[in-house]
Each structure stands twice: as structure tokens, then as C-alpha cells.
Amino acid sequence: AATVAFHGSRQAGIVTAQQDRLAFAAYDLTVSGSPAENRDALRELLKTWTAAARAMTEGKPVPGDNDIGAAPPADTGEAFGTPPANLTITIGFGPSLFDKRFGLADKRPAALADLPHFARDNLDATRSGGDIAIQACSDDPMVAFHAIRNLARLGRGTVVMRWSQLGFGRAASTSDKQETPRNLFGFKDGTRNIHGDPKQLDNWVWVGKETDQKWMRNGSYLVARRIQMRIEAWDRDFLTDQQNVFGRHKYTGAPLSGGNEFDAPNFHARAADGSAAIPPTSHMALAAHENNGGVRILRRAYNYTDGVIASSGELDAGLFFLCYQRDPRTQFVALQHKLSRSDALNEYIQHVGSGLYACPPGVTSDSGYWGEDLL
Ligand code: HEM
């Protein structure tokens with residue numbers, strides 16, 4: 001059965017070849033004691049969650065009694081007998097975890113600065129934030145859902161699930177061995193993502209010695225954005241315009257400056273009529289590292305659909321954008337400031353949910369637990 005190692009100096013689920021399915025959940029702690037008591041409760045929770053995550057990623061049930069007739073089983077059971085299908089469970093801590101409740105204010109990394117308001121943001125507070133986030137990815141949707149459900153259950157009394165999101169098809173590739181998938185606008189997504197190059201990962205994804213918080217070394221920062229896509233309006237747009245929005249050909253994924261999917265775009269190339277072959281307001285031109293002082297991010301997005309928007313009757317669907325980076329202030333925030341003002345894509349999208357989380361380093365032994373250096 002396909003498994004991804006849980007133990008490691010860095011958490012799995014970040015550079016791991018992207019699985020097909022996502023179950024994401026943000027949780028809030030419900031503690032009401034002194035900071036020291038609350039920290040103890042948080043430590044217990046993280047120990048319990050780590051043990052459960054370790055077992056589930058290995059394809060084993062949640063540890064505990066599963067066959068006592070007079071008690072509910074420790075594991076909820078819906079993934080019994082199902083292989084883990086590359087399950088990874090990745091944890092992150094939101095800015096709110098560093099407030100007065102836990103006395104952890106002096107452990108808050110400077111890079112975990114609250115995200116600013118961006119132009120056109122229309123965020124729903126009930127789909128944003130959270131003290132702790134869990135990203136569960138697997139090639140089997142039941143396995144991914146089972147993970148977030150069982151963590152919620154194990155934490156009952158200490159945490160409640162604040163919001164969650166299922167993703168049904170990966171919309172990025174994180175390895176050059178993966179074919180580039182498509183997003184709901186029908187375009188290949190992930191072509192120029194970071195695809196495992198260790199130098200780029202060290203430069204742009206993994207927190208190193210520069211951090212002001214030692215407990216974050218070998219960790220990474222996750223930004224989550226629920227981005228609604230106006231599918232009906234998009235589907236009425238003509239092909240040339242769709243391609244100009246992204247700066248790429250729809251079917252081949254090649255840049256509009258020519259060549260094949262993986263050829264470098266030429267932002268100086270001219271079309272026959274003398275205009276820029278890749279429009280300067282296209283999503284690619286605005287997001288490309290060449291036009292952003294070299295800045296890159298690791299994208300790990302998923303497509304989603306959640307039924308129908310009651311007020312308009314349109315599909316509630318879009319991209320659950322996840323990206324990992326070494327410092328959101330100079331990476332996601334810098335890029336999104338620019339995109340939110342000028343991206344041709346803005347006519348067809350709206351950011352409706354948001355989260356920022358500090359993902360600690362990995363767990364290296366059977367006795368270790370998530371966040372132990374923080375607590
Ligand atoms: C590239 C789609 C939002 C950052 C691309 C590409 C597509 C795409 C089709 C070109 C293929 C590729 O290289 O992967 C979308 C859609 C979005 C969205 C549909 C929203 C619904 C965002 C956001 C950011 C972002 C919010 C960051 C703030 C990037 C970057 C690239 C990229 C850095 C690579 C550009 C390059 O170097 O060529 N996106 N994207 N995207 N996108 Fe997005």
C-alpha cells in the first residue's frame with residue numbers, strides 16, 4: 001500500500017507529490033483556565049493528535065480500544081481496511097494561538113504577521129482563521145475526511161472545528177514526475193510551481209536559521225485562501241480572452257510567447273499586431289518570479305465545489321488555494337497585493353476565506369509530538 005513516512009525533520013504534506021484529495025480543517029481551542037493550565041491542555045491535545053496522525057498515516061486505526069462492546073470504539077471506522085493512499089497530515093498554528101490564553105505571545109514569529117486586507121477581499125469570518133489548521137491529503141477522499149473527523153473527535157472538550165473545506169481534484173503539481181492537472185477554468189495549473197528542486201525549497205519554502213523563533217526551523221508558513229470562481233461568467237468568455245487572462249494557451253498550457261508547456265515565457269515577445277504576446281495584466285505576467293524580484297511560492301491548491309450560491313443560483317465553486325513559504329510577508333503578501341489590484345483574473349474570482357498558519361518542523365521519533373519545541 002502507498003504510504004508517506006510520517007516521521008522526518010520536516011512535515012510531510014508540503015513537498016510531498018500532491019495527492020488527489022484534500023480535507024482541510026481549522027480548529028479553535030475552547031480552554032478557559034490559566035495560561036499554564038491551557039498550555040498543558042494544548043500539549044496533551046498535540047500529543048494525542050500526533051499519535052493518532054502517526055497511526056492513520058500508517059494505515060492503522062486511531063489508537064485505543066476498538067473492541068469493547070460497552071464503549072464507543074476509539075476509531076470511527078469509516079476507513080477500516082482502506083489503504084492510506086499516501087495520506088499526509090500536516091499541522092499549522094494560527095496567529096490566535098499566540099494570544100493571552102496560552103502565554104505564548106513571545107513565541108510568535110514575526111513572519112506570522114496577520115495578513116493585511118487586500119483589494120477586493122470579501123472574506124467570510126466563519127471560513128477564515130482558526131487556532132490550529134490540519135491539512136489532510138490522500139488519494140482516497142474517505143481517508144482524508146476520516147483524518148480530520150477523528151482529530152476533531154479526539155479533541156472534544158478542548159477543541160471545536162471552526163470551518164473545513166474538502167478539495168476534490170488537485171490543482172497544482174509539486175513534483176516534475178506529475179502531469180500538470182487543470183483547474184475549474186480548464187487551464188493547466190502548476191506548470192511553473194516549485195517541483196522539488198532542493199535549492200528552491202531551501203530558498204523559498206523551508207524556514208532556516210534566519211528565523212527569530214528557533215522552534216520554527218525546518219517549518220514553513222501556510223496561507224490558505226478560499227477563492228470563489230465565477231464559472232458561469234467565465235464560460236461565456238471567448239477563448240482568446242480566456243488565454244489572455246492567464247497568459248497561456250488553454251489546451252497545451254504553453255506560454256502565449258510560444259513553445260511548449262514547460263518552455264520559459266518571454267515577457268518581451270510581441271504579437272503580430274505589435275502588442276505584448278503575454279499581456280502585462282495576465283495572471284502569469286503578474287505572478288512570475290521574473291517580474292517579482294525572483295520571489296516564488298510552493299502552490300498546493302485544490303478545486304472545490306460546495307453546491308449552489310442561494311442568492312444567485314450560480315455554482316459555489318472555486319480554488320482552495322494553499323501555498324507554503326518561508327516568509328509570507330515577502331512572498332504571498334507581496335504577490336497578492338499586486339494581483340489583487342491588477343490581475344485580469346479578478347473579473348472572474350473573489351477571495352472569500354483566508355487563513356495563515358505557522359507549520360512547525362516534523363516529528364522525528366515515536367515519543368515526539370507536533371509543536372514540542374514551542375511548548
Ligand atoms: C500561475 C491559476 C490564484 C500565484 C498560475 C497559472 C494558472 C493559475 C492557470 C499558470 C500555470 C502555472 O504556472 O501554474 C490560478 C487561479 C487562481 C490563482 C485559477 C485563483 C482562482 C493565485 C494566487 C496566487 C497565485 C492567489 C498568489 C498570490 C501564482 C504563481 C504562478 C501562478 C506564483 C506562477 C507564475 C509563473 O512563474 O509563471 N496560476 N491562480 N495564483 N499563480 Fe495562480
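How do the residues of the lining of the largest pocket divide into nonpolar, polar and charged? They divide into 6 nonpolar, 6 polar and 3 charged, where Ala, Val, Leu, Ile, Met, Phe, Trp, Tyr, Cys and Pro count as nonpolar, Asp, Glu, Lys and Arg as charged, and the others, Gly among them, as polar. The model is predicted, with local features requiring pLDDT of at least 70 and side-chain atom pairs pLDDT 80 or more, while totals for chains, interfaces and linings use all residues. Residues are numbered from 1 along each chain as its sequence is written, and side-chain values use heavy atoms, with hydrogens and water left out.

**View 1. The iron atom of the ligand and His-283.** His-283 is the only protein donor of this iron atom, through NE2 at 2.0 Å. Donors are N, O and S atoms within 2.8 Å of the metal (3.2 Å for Na, K and Ca); water is not among the atoms, so sites may look incomplete. His-283 belongs to helix α6, residues 283-287. Helices (H or I, at least four residues) and strands (E, at least two) are DSSP runs, numbered from the N terminus.

**View 2. The largest cavity, with a volume of about 770 Å³.** The structure holds 3 cavities of 30 Å³ or more. On a 1 Å grid over the protein atoms alone, a cavity is a set of points where a 1.4 Å probe fits but cannot get out, and a pocket is an open set with protein on both sides within 12 Å along at least five of seven lines; lining residues have an atom within 4 Å of a point. Grid points are joined across faces, edges and corners, and a volume is the space filled by probe spheres set on the points. Of the 37 residues lining the largest cavity, Asp-189, His-283, Ala-287, Arg-299 and Phe-321 lie nearest its centre. The lining comprises 20 nonpolar, 10 polar and 7 charged residues. Its largest share, 5 residues, comes from α7.

**View 3. The largest pocket, with a volume of about 230 Å³.** Leu-115, Gly-129, Ser-354, Gly-355 and Leu-356 lie nearest the centre of this pocket, among 15 lining residues. Strand β10 contributes the largest share of the lining, 3 residues.

**View 4. The second largest pocket, holding about 190 Å³ of space.** Its lining has 16 residues, of which Pro-361, Gly-362, Val-363, Glu-372 and Asp-373 lie nearest the centre. These lining residues divide into 7 nonpolar, 5 polar and 4 charged.

**View 5. The salt bridge between Arg-162 and Asp-28.** The two side chains meet at 2.9 Å, N to O. The pair links distant parts of the chain, 134 residues apart, with Arg-162 in strand β4 (residues 159-167) and Asp-28 in strand β1 (residues 21-29). A salt bridge is a side-chain nitrogen of Lys or Arg within 4 Å of a carboxyl oxygen of Asp or Glu; the whole structure has 19. Arg-162 is partly exposed, at 38% relative accessible area, whereas Asp-28 is buried, at 17%. Buried means under 20% relative accessible area, exposed over 50%, partly exposed in between (1.4 Å probe, protein chains only).

**View 6. The salt bridge between Arg-54 and Asp-366.** The N to O distance is 3.7 Å. Arg-54 is buried, with a relative accessible area of 10%, and Asp-366 is exposed, with 60%.
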